[in-house]
Amino acid sequence: MGEHEMVIADRLRQGRITAGLTQAQVATLLGLSRESITQIEAGRRRVKADESRQLADIYGVDIAWLTGDGEATDGLLEIRIRRAAQELANLSKEDLDKLLSVIRTLKEL
């Protein structure tokens with residue numbers, strides 16, 4: 001397997017993890033087996049074009065990043081922000097207020 005294919009496999013794994021999904025969840029969403037997702041992320045199975053589009057949608061990233069053509073930092077930043085927003089939505093009002101206070105303090109440093 002070439003270097004480009006390994007970049008794709010790694011980004012697929014990073015995207016899934018950062019999106020907070022398990023291989024089994026992604027497999028269900030795509031109608032594949034969990035083993036297929038394992039093989040894709042290990043670089044042992046090529047991703048079909050329609051699967052790439054679906055995965056980009058599921059992970060909330062640009063397909064160019066997912067397929068190794070975009071900058072890694074842009075794609076990861078986008079899905080990290082979405083993941084952070086999901087986590088923030090689960091905080092109590094008190095915990096959210098504390099976190100906002102910490103953020104304000106950090107910005108002042």
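A residue is called buried here when its relative accessible area is under 20%, exposed when over 50%, and partly exposed in between (1.4 Å probe, protein chains only). In this predicted model, local features need pLDDT of at least 70 and side-chain atom pairs count only at pLDDT 80 or more, while totals for chains, interfaces and linings use all residues. Residues are numbered from 1 along each chain as its sequence is written, and side-chain values use heavy atoms, with hydrogens and water left out.

Of the 109 residues in the chain, 30% are buried. The chain holds seven helices and zero strands, where helices (H or I, at least four residues) and strands (E, at least two) are DSSP runs, numbered from the N terminus. The chain is more spread out than a compact globule, because its radius of gyration is 17 Å, well over the 13 Å that the globule rule gives for 109 residues; the radius is taken over C-alpha atoms, and the rule is 2.2 Å times the number of residues to the power 0.38. Along the principal axes, the C-alpha atoms fill a box of roughly 45 × 30 × 20 Å.

Leaving aside residues up to four places away in sequence, Leu66 touches Ile8, Arg11, Leu12, Ser52, Leu55, Ala56, Tyr59 and Val61, a contact being heavy atoms within 4.5 Å.
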